[in-house]
Amino acid sequence: MINKVVKNADEAIKDIPDNSVLMLGGFGLCGIPENCIAAILRSGVKGLTCISNNAGVDDFGIGLMLKTRQVKKMISSYVGENGEFERQLLSGELEVELIPQGTLAERIRAGGAGIPAFFTPAGVGTEVANGKEAREFDGKMYLMETWLRADFSIVKAWKGDTSGNLVYRGTARNFNPLMASAGTITIAEVEELVPVGELDPNAIHTPGIYVHRIFQGSNYEKRIEQRTVRK
Amino acid sequence: MLDKIGIAKRIAQEVKDGMYINLGIGIPTLVANYIPKNMNVVLQSENGLLGIGPFPTEESIDPDLINAGKQTITMMPGSALFNSAESFAMIRSGKVDLTILGAMEVSELGDIANWKVPGKMVKGMGGAMDLVASAKNIIVAMQHCSKEGASKLLRKCTLPLTGLRCVKRIVSDLAVLDVLPLGGFRLLERAPGVTVDEIKNATEGKLIIDGEIPEMVII
C-alpha cells in the first residue's frame with residue numbers, strides 16, 4: 001500500500017501558497033481540522049479563499065484565521081456565530097459568498113465526482129438565483145449550480161490508516177468526506193493513525209485514493225458551541 | 001395567546017405516526033419535547049443524522065454529536081449517520097415528510113423570508129432554502145406580529161425571500177392558519193383567549209374566515 005504519512009500539521013500544510021483555495025471540513029466546530037488550522041496560523045499564509053460550511057467562532061476554528069487576516073474570501077452557508085466575521089464583512093475587508101447548505105454540499109460532491117454542473121430547486125425565486133440559468137423539469141423550476149474544487153482540501157477524521165483510508169465519527173462526518181474528494185491535494189488529520197489492514201474495508205467512509213497526506217493530530221480540544229443537557 | 005411552548009405543543013399535534021421530520025432552530029426544536037411517546041417518528045438533523053435522541057446528561061456529552069443548532073444531542077437506537085450531501089439528497093428527493101421552521105415573514109401566497117435583514121443581519125441561509133424548496137409539507141412557527149406590532153403575515157414579503165409558495169400551515173402565537181393554493185390565509189383556530197377581530201387586525205395579508213372559528217385545544 002502507498003504510504004501517505006507526513007510528520008505533523010506543519011509539514012502537511014507547508015507548501016500552501018498565498019491566494020490558495022482551501023476547503024476545510026466541519027459543521028460549526030464539530031469535525032474541524034484543529035491541528036491544520038493551528039499550523040496555518042503559524043505559517044502566515046494569506047489571501048486564502050476558504051470554503052467551509054461555517055466560519056468558526058471568534059476565538060476558535062476558522063475564526064482564528066479571520067482574526068489574523070489570512071482569509072480574503074469565505075464561501076459558507078451560515079456564519080452567524082462570529083462577531084469578527086460580521087465586522088470584517090460589514091467593513092468590506094472580507095468577501096463573502098453565502099450558498100444554501102445543500103447546494104454547497106452538492107457542489108463540493110460534484111467537484112469530487114467530476115460533474116461540472118447540476119440543477120437544484122434551492123433558491124428559485126430568491127437572490128441566490130441572480131445570474132444563474134433556470135430551467136423547468138417536470139413542471140418545476142430549478143437552478144443550475146456548478147462544481148466546487150479546491151487547491152487543498154483539509155479534513156478531520158476519527159481514524160485513518162497509513163494509506164489514507166478514513167473513518168469519521170458521529171456528526172463530525174458532515175462535509176469532510178465530500179471535501180476529501182474535491183481537493184487537488186487532500187490533507188487528512190486523524191485522532192488515531194493505524195497501520196494498513198486494521199480498518200474494516202466494509203466500513204471505510206473515504207477511500208485512500210482521495211487522500212494525499214495523513215498524520216495523527218494531537219491535543220484535540222473539540223470545543224462545544226452549545227453545551228445542552230437534559231433537565 | 002400562546003407562548004413559545006404553547007406554539008410548540010400545538011405544532012406537535014400535527015405530527016403523525018411514521019413520519020420523518022426535520023425541525024429547525026428555535027421553537028421548532030422544542031416541538032420534539034411534546035410529540036406523544038407512543039408515536040414512532042424519526043427526527044432528521046441536516047448535519048448528518050436520522051434519529052435525534054434527547055439532550056445528553058452531563059456525563060454522556062459527546063462533542064462529535066450535535067444537531068443543526070450546534071447543541072449536544074444523543075442518538076436513538078436504530079439511528080443512521082451520513083454526510084451533508086446525502087442529508088440534502090434525502091431532503092431534496094422528498095423523503096422527509098414534515099419540515100417545521102421559523103419565519104420572519106410569510107406572504108399570503110406562501111412565500112417565506114427568514115434568513116436576512118439587509119443592513120442589519122447577514123447570518124446566511126444555512127439549510128433553509130434547500131428545505132423549503134423541496135419539502136412536501138412545511139409548517140411555520142412564528143410570532144404573528146413584530147415587537148412593534150407590525151403584521152408578519154403579509155400580502156407580499158418585504159425581506160429577501162428564502163423560498164416561493166412553499167408554506168402550507170402557520171402556527172403563530174395568535175392562530176392556526178392554512179395558506180390556500182390560490183392565495184390567502186385561511187383561519188382554522190384561535191389561540192386561547194384571542195378573538196377573531198384581534199387576528200384580523202394582526203393580519204395584513206388576505207384573511208379568509210369561514211363560519212365559527214374554534215379555540216385551539218392545548219394540553
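## Ground rules

Residues are numbered from 1 along each chain as its sequence is written, and chains are lettered from A in the order in which they are written. Because the model is predicted, local features need pLDDT of at least 70 and side-chain atom pairs count only at pLDDT 80 or more, while totals for chains, interfaces and linings use all residues; side-chain values use heavy atoms, with hydrogens and water left out.

## Where the chains meet

Let's start with the interface. Chain A puts 48 residues into the contact and chain B puts in 47, where contact means heavy atoms within 4.5 Å. Together the two chains bury about 4000 Å², 59% of it on carbon and sulfur atoms. (Buried area is the accessible area, with a 1.4 Å probe, that two parts lose on being put together, summed over both.)

Five salt bridges turn up across this interface, each a side-chain nitrogen of Lys or Arg within 4 Å of a carboxyl oxygen of Asp or Glu. Asp64(B) and Arg169(A) join their side chains in a salt bridge, at 2.8 Å from N to O. The largest share, six residues, is from α5(A). Helices (H or I, at least four residues) and strands (E, at least two) are DSSP runs, numbered from the N terminus.

## Inside the cores

The largest nonpolar core has 49 residues, and Val140(B) and Ile170(B) touch the most other members. Strand β10 (residues 138–142) of chain B supplies the largest share of this core, five residues. A nonpolar core is a set of buried Ala, Val, Leu, Ile, Met, Phe, Trp, Tyr and Cys residues joined through side-chain atoms within 4.5 Å. Buried means under 20% relative accessible area, exposed over 50%, and partly exposed in between (1.4 Å probe, protein chains only).

Beyond its neighbours within four places in sequence, Val140(B) is in contact with residues including Leu101(B), Val106(B) and Ile170(B). A second, separate core of 39 residues includes Val6(A), Met65(A), Ala129(A) and Leu143(A).

## Helix α3 of chain B

Helix α3 (residues 84–92) of chain B has several buried residues, among them Phe88(B), Met90(B) and Ile91(B). The buried residues of α3(B) pack against elements of both chains, including α5 and α6 of chain A and β1 of chain B. At the helix start, a side-chain oxygen of Asn83(B) comes within 2.9 Å of the backbone nitrogen of Ala85(B). Just after α3(B), Gly94(B) has a positive phi of about 80°.

## Single residues to look up

Asn22(B) sits in strand β1 (residues 20–23) of chain B and counts as buried because its relative accessibility is 1%. Ile187(A), in strand β10 (residues 183–194) of chain A, is buried too, at 0%.

Most residues other than glycine have a negative phi. Asn19(A) has a positive phi of about 70°, and lies in the loop between α1 (9–13) and β1 (21–24) of chain A. Lys222(A) has a positive phi of about 45° and is partly exposed, at 22%.

Technical notes: A polar contact is a pair of N or O atoms within 3.5 Å; within protein, one must be able to donate a hydrogen and the other to accept it, and residues adjacent in sequence count only if both atoms are side-chain atoms.
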